[in-house]
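Welcome! Please take a moment to look over the sequence and the 3D structure before reading on.

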Amino acid sequence: MRIRCPYCGERSNDEFYVLGDADALTARPSGENAEAFHEYVYQRTNLAGLHRELWYHSNGCRRWLVVTRDTRTHEISDVTYASKRGEGEAA
Amino acid sequence: MSSAGRLPTGGRIDRARPIKFSFDGRSMSGFAGDTLASALIANGVSLVGRSFKYHRPRGILSAGSEEPNALVEMRAGARREPNTRATSVELFDGLQAQSQNRWPSLGFDILALNGLVGGFLSAGFYYKTFMWPAAFWEKVYEPLIRRAAGLGRSAGAEDPDHYEKSHAHCDVLVIGGGPAGLMAALTAARSGARVILADEDFLPGGRLNAERQEIDGAAGSIWAATVAAELSSMPNVRLMRRTTVFGVYDGSTYAALERVNDHVAVPPPFQPRQRMWRIYARRSILAAGALERPLVFANNDRPGVMLAGAVRSYINRFAVTPGQRLAVFTCCDDGWQAAIDAAAAGISIEAVIDSRAEASPALGGELGKRDVRIFRGAEVIRAVGSRGLQAIEVRDASGRISSILCDALAMSGGWSPITHLTSHLGGRPVWNESLPAFVPGTLPSGMSVVGAANGAMALARSLAGGRDAGASAARDFGRSASDAPLPKADDEPATVRALWHVSGGRGPAFVDFQNDVTAKDVGLASREGYRSVELLKRYTTLGMATDQGKTSNVNGLAILASELAQPIATVGTTLNRPPFTPVSIGALAGHHRGKDFRATRLSPLHEWAKTHGAVFIESGAWLRASWFPRPGEKDWLESASREVRAVRSAVGLTDVSTLGKIDIQGPDAGTLLDRVYCNTFSTLAVGKARYGVMLREDGFVMDDGTTSRLATDHFVMTTTTANAVGIMRHLEFCHQGLWPGLDVQMTSISEQWAQMAIAGPKSRETLARIVDRQHDISDAAFPYLTAREITILGGTRARLFRISYSGELAYELAVPAGVGNAVAAAIMEAGTDLGIQPYGLEAMGIMRIEKGHVAGSEINGQTTARDLGLGKMMSKKKDYIGRVLAERPALAAPDRWGLVGLKPVDWTTRIRAGAHLIPIGAATTTANDLGYVTSVAFSPSLERWIGLGLISGGASKHGTRVRLVDLLRGSDIEAEVCDPVFYDPKGERLHG
Amino acid sequence: MADRKIASRSALAGLAKSGALGVSKGVPGVRIREITDFAAIGIIARRGRAAEVAAILSRHVGSPVVDAAKRAGAGAVSITGTAPGQWLAISRGPGTSLDELRTELAGLAAVTDQGDGRLIIEVTGPRARDALAKGVAIDLDAGVFKVGDAAQTSAAHIGLQIAPIDEAPTFEIISARSTAASFWSWLESSAAEYGIDVA
């Protein structure tokens, strides 16, 4: 699989480390609600289709990326910096 | 030389360059340009191997990489390589080949009895027969089956050759160097596109080298050579011969194996034997050609029965003939060409048998005049002969059976496009009834298919298809392909009427030659309910092993379809997966074997440790100094104990450079640290160090280490060696993924700094001798947990941390990596009269167990901060990762396994990590398991064995006794549970 | 104790001995030189200050420094983008330092010393591309990877930074000190068939 890193360009997936569902992982709850944390830590959808996931370009610019990938075809339609999720800006 | 099968003239071989080789120890000779198979035929060899299950004599079926029969062991000694297809081995001087799967000899094989007892090993035989008793499998059945049914032997020695990988990028990858591929590559290349043409053969041209068709009025092989020469001369083209594209992967990535030096006895110095390529291609053009199908009739596996196209390859390309009296059996127009070419080469044609009553009278051309017997609407029902073909039995249109003497039979069941690479990403080939064959279905993105691979089974169409695909790819890159005229060629007649199975002959009719699967087996499997083509494959082994059913799959599933009375399109086909042809493990490993299996990391103090005679141990990617033996010491324990005593009584120096070191700066650095550590760092004073514990979000401990504050907005973190990479990634995730608004800058500085611990009551005195005068390191000026930037040895920048892992007065000194060895040497020199000694990982481990410090054995992903006695560090005043879930009731339960010390009641008894903790007097059962021993050491300070462990109830069990039961090593030792800090429990020494 | 000169040891010291390696016929296809005297600093702009930092870097190196995977600088000092808002500055030459730049960047960027943790080599020669392609997966073609470009990637599972610095071509490769021996083993084995000259 090839991922077009917004900084480094297109690279093979062996340069990256994958973590999983980007929406779940970056939505850390605040407060004391253990249920909410339980959802955050353990519950993941495993869908067949477009999936936003976190990939870390470990052998490149060390940026966490949000990769939108079709899990059925491995076709990647979008790659953005995880830090550009609306809040703040790139480091 | 013997040239029993060699034709006097012709062929694309170099008769001026004879080549010596041996087969089963017999010296033979061939020519440059031969394959092993063609050279064997030239030497009159028709029996080449024995079959997998029945040990039936087998010859050569094909002239390419699809060969199921002619598998040999190549070379000898450490280079011996089993299951090599003689049909694709390029002949070289000194080649040694042996037949395989025969005992005691190729000509006489005792296990051929398997073949005499009929259905002995029929479909599903293994599953049905060797079922009981289960214990027999390992000792009786399996060895028996392995001896009876097997392929060649591996070398059993380390491969002396080296292999490597490489990468290539191109606009257009053309797969296959036949007419369509050459034309596609030429068209794309002339437009200026970057082109790679990969061809598995050593001579580009594909079928053009095997046929007598003409292009532009000359032999097709001449056109191929001209095009190949032009491609070779172009700077934008990489022409890769002897290279098989064997896999297609996501993102237009292709894997190819280049057999760089398979065609020589020993690779020239410094050259690899094989090179594996990863090719990134924006477009690919598949021009892999087609495979001819055998016909399925009784004894169709007899040596001398050969594919018609292969017969033409041997006659036209290699100038050898598989026989002197040839018969042809075909269900398509193409088969006739074998008779025509053979006749032209002076070989006697005994008969042409075409199963089609309607076969065109024009076929065969001049053959009629030569008095050749021609049968239309007839079938060969049986081959006669055992180690070689002697005759065939023909059933003519009227049903009359006659016998025809011949020593070679060319057969053609039509051609199947090589669609394999189109399926590697899940595309299913589709059935085309008019060919009849499977043609490519959904294609991998960026791929187009041309020529025979796309079902265009004729030369002019192939050339046109190649040109169009090349031009289209060029246009995709905005390049204009010049309208070079298409070379002139004719389309050969190519009608086919399927003939899947000829019944009525006595003897097994093989579908899959390599796996000895017969038409009867396919029928039996279907009657037993294995009606899916995938199940058929697993049950009968049809299509398995090294050839992956290249010559058998279509026939097999057509027979299944006919058994099920369903159309072939409905039955479908198994999906091809990489690799297209076998790939050696060596090529997949490439450079990465032995010491290069993975990268090894060496500490900046490596040379220093080596100078002091360190014994190194692999620890993750690192080589770490484990202990420093001295003459007369009998084992590691004696050396490590001596090192511990030196630290506890004087001073020692050890390398801690492998710890992860992370520089954290910015106004929000303290905030980030507060969020990732369970304890607080924003309040840490500048110039101070603090021990920190990080939790995972699920509440368990992730890592620990010391973080120091060098300036208000500047911290330096250390992580454990094992987690260095993971913690950096975690911190980047926390920053970029969770809190991108924080103004924090993090950089790994693990490589930049050499770090060493100087520990022991005389450590300050030692250090004072190298620290530059202006830096006061007295206890008053530099108390415990001080961290400062200083200079040493007259201006060398350093960072000094007064922290202690050993429990002694101790410091960690970081210096730039380049001077690490020199600084360590200077400290050793400075401390000589104080008794300084180097100490290693083992001594460090002993001292941390004496002090009850946790390490990887305790921070094992299943322990919480409370379990490890670190619960008080968990701040109640701030949020941090892991805070909420660490409070889950189960993680705070009083019976959780908590950290304790363990002392064997008999102090001399050695205890072992991994032993389970069982109550005294209770049975040794899982239900009674209270925990286990995590770390042990012989404490030179206490002169006894001690251990750390996790026990249900933790500290509440202090003072009780348990058994340490190690069923693996057979020990059962009584021990007292105690506080984990065995040495200097009040911690007075580190304040010394 | 009195001042004392201590010797710094380069990452390849004792590994890459100068002279010929591999095939010894004809002109060596690959020439390798280790850069032993240099200083390096890692630079990460504070939040929102990347443009100001780039401007200072441009002034310092005498050519435009952009916030991208590019290498600027033809003389002793070079600046290479390593991540958004991040650069690696290198100054070559004995006794060199980047202290002046460090001072200029105070308050605008986090600066860390990196020179001791790095190996720098230059690989050139007619077969340099062929040798490097055995580990480096990016496209090294002259038309694609041009002087001024830079990339962070890996070879033989070892992370590295690579940039073509002239059209010979000569590639500057920067990698970690700890894996220098393994990196050298891969490079030597990859280039040996073309003949190697180690400067």
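Here is a short tour, grouped by topic.

The model you are looking at is predicted. We begin with chain B as a whole, then visit one of its helices and one of its sheets, and finish with chains A and C.

**Chain B as a whole**

- Chain B has 992 residues, of which 57% count as buried.
- Its secondary structure comprises 22 helices and 50 strands.
- Taken along the principal axes, the C-alpha atoms of chain B fill a box of roughly 115 × 70 × 55 Å.
- If you look at contacts in chain B between residues at least 6 apart in sequence, 66% of them join residues at least 24 apart.

**Helix α8 of chain B**

- Helix α8(B) covers residues 333–344, which makes 12 residues.
- From first C-alpha to last, α8(B) reaches 18 Å, close to the 16 Å expected at 1.5 Å a residue.
- Is this helix enclosed or open? Of the 12 residues of α8(B), 9 are buried, so the helix is largely enclosed by the rest of the structure.
- Just after α8(B) comes G346(B), with a positive phi of about 90 degrees.

**A three-stranded sheet in chain B**

- In chain B, an open sheet of 3 strands runs in the order β21-β22-β23, with antiparallel pairing.
- Its edge strands are β21 (379–384) and β23 (401–405) of chain B, each of which pairs on one side only.
- From one strand to the next, the twist averages 25 degrees.
- β21(B) and β22(B) (residues 391–395) run antiparallel and are joined by 5 bridges; here V384(B) stands opposite A391(B).

**A hairpin in chain A**

- β1(A) and β2(A) form a hairpin, with 3 residues between the two strands.
- These strands, at residues 2–5 and 9–12 of chain A, run antiparallel and are joined by 4 bridges.
- Across the pair, R4(A) stands opposite E10(A).
- In a regular strand, side chains alternate between the two faces of the sheet.

**Where chain A touches chain B**

- How many residues of chain A are in contact with chain B? There are 23, and they meet 17 residues of chain B.
- On the chain A side, the elements that give two or more residues are α1 (22–26), α2 (34–42) and β4 (50–56).
- The largest share, 3 residues, comes from α2(A).
- By class, this side of chain A has 11 nonpolar, 6 polar and 6 charged residues.

**A seven-stranded sheet in chain C**

- In chain C, 7 strands form an open sheet with mixed pairing, in the order β1-β12-β2-β8-β11-β10-β9.
- The edge strands, each pairing on one side only, are β1 (19–21) and β9 (151–155) of chain C.
- Neighbouring strands of this sheet are turned by 30 degrees against each other on average, direction ignored.
- β1(C) pairs with β12(C) (residues 196–198) in the antiparallel sense over 3 bridges, and L21(C) stands opposite I196(C).

Notes: Residues are numbered from 1 along each chain as its sequence is written. Chains are lettered from A and ligands numbered from 1 in the order in which they are written. This is a predicted model: local features need pLDDT of at least 70, side-chain atom pairs count only at pLDDT 80 or more; totals for chains, interfaces and linings use all residues. Two residues are in contact if their C-beta atoms, placed from the backbone, lie within 7 Å. Ala, Val, Leu, Ile, Met, Phe, Trp, Tyr, Cys and Pro count as nonpolar, Asp, Glu, Lys and Arg as charged, and the others, Gly among them, as polar. The expected span of a helix is 1.5 Å times one less than its number of residues. A residue is buried if 20 or more other C-beta atoms lie within 10 Å of its own, exposed if 12 or fewer, and partly exposed in between; C-beta atoms are placed from the backbone. Two strands pair if DSSP finds at least two bridges between them. Axes are lines fitted to C-alpha atoms, for helices over the stretch in contact, and angles run from 0 to 180 degrees between N-to-C directions.
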